[in-house]
Amino acid sequence: MICHLMGVLRMNGLQVYLTIPNKKSFRLVSGSCYLPHPAKEETGGEDAHFICANDEAIGVADGVGGWVEVGVDAGEFARELMCNSVAAIQGEPKGSIDPARVLEKAHSSTKSQGSSTACIIALTGEGIHAINLGDSGFIVVRDGCTVFHSPVQQHGFNFTYQLESGDGGDLPSSVQVFKIPVLSGDVIIAGTDGLFDNLYNNEITAAVVHGLRVGFNPQLMAKQIATLARERAVDKNRQTPFAKAAQDAGFRYYGGKLDDITVVVSYIAGSSNT
């Protein structure tokens, strides 16, 4: 197994599965890019992610920055949560990883102070099986169109669902669960809110279309998207998803939001593809 650790919808108990038959053999080919907040580069920022190539699973987590006010680096919690997720994946049946079970095991083993969001995606024989808690998430791009976008879980504006060590925070059972059939050529883009606060889905999709046209591998694709998100984050003259959400909540805000940015890009490839 090669794992790299770095920096169906269920909502309120309801599960919705997309039931298009999907029995073909695919592979998940992934790459990533992480751009910590410029002020947090020395400590590594508060995002974390993993890619398990042989187990065909990826994950992202975003440590909640508010903990710094009490002297806690929430990045440590996010990194431990992702590390424990990788360990839990080792105990899962090959080809049928249950991300919800993985997250529950990982959370129960995480002892660092702090809290974070979590998104874990695994490729199975039926498509992708994914979970998300909070305002990290993923989109699926097919033939130049966004065919799925995981919804955000928030208690209120800028107050995301989050897992916390011990009994605090939201419960792993609060995750949204997704089972989505995939096709060869689909592109999955997972990321933290540093991505989705600064780029609209159509902007991410346009970047994917351009990257595929010039032959980018997943790593280069992730770098391209993360770089564009950082450009938007420091642009005070452009409307962004975060600015729109702030305005809808009654705040006067315009421009991007400077933050840690994690992007993990996965190509759905046929089993014989390189």
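Because the model is predicted, local features are reported at a pLDDT of at least 70 and side-chain atom pairs at pLDDT 80 or more, whereas totals for chains, interfaces and linings use all residues. Residues are numbered from 1 along each chain as its sequence is written, and side-chain values use heavy atoms, with hydrogens and water left out.

According to an unreviewed UniProt entry, residues 32–268 carry the feature "domain: PPM-type phosphatase"; such positions are given in the numbering used here, feature names are shortened, and annotations may be inferred rather than shown by experiment. The span of residues 32–268 is 29% helix and 29% strand, and its end C-alpha atoms lie 15 Å apart. Helices (H or I, at least four residues) and strands (E, at least two) are DSSP runs, numbered from the N terminus.

Ser-116 is found in strand β7, which covers residues 115–116. Ser-116 counts as buried because its relative accessibility is 0%, where buried means under 20% relative accessible area, exposed means over 50%, and partly exposed lies in between (1.4 Å probe, protein chains only). When neighbours within four places in sequence are left aside, the residues in contact with Ser-116 include Ala-61, Asp-62, Phe-77 and Leu-163, contact being defined as heavy atoms within 4.5 Å.

Side chains of opposite charge can pair when their charged atoms come close. The structure holds twelve salt bridges, each defined by a side-chain nitrogen of Lys or Arg within 4 Å of a carboxyl oxygen of Asp or Glu. In one of them, Arg-79 pairs with Asp-73, with the closest N and O atoms 3.4 Å apart; Arg-79 is partly exposed at 24% relative accessibility, and Asp-73 is partly exposed at 25%.

A salt bridge also links the side chains of Glu-92 and Lys-105, at 3.9 Å from N to O. Glu-92 lies in the loop between α1 (74–89) and α2 (99–109) while Lys-105 belongs to helix α2, so this pair ties together parts that are 13 residues apart in sequence. Glu-92 is buried, with 8% relative accessibility, whereas Lys-105 is partly exposed, with a relative accessible area of 40%.

In helix α6 (residues 241–248), Asp-248 and Lys-244 are separated by about one helical turn because they are four residues apart, and their side chains meet in a salt bridge of 2.9 Å, N to O. Asp-248 is exposed at 56% relative accessibility, while Lys-244 is partly exposed at 38%.
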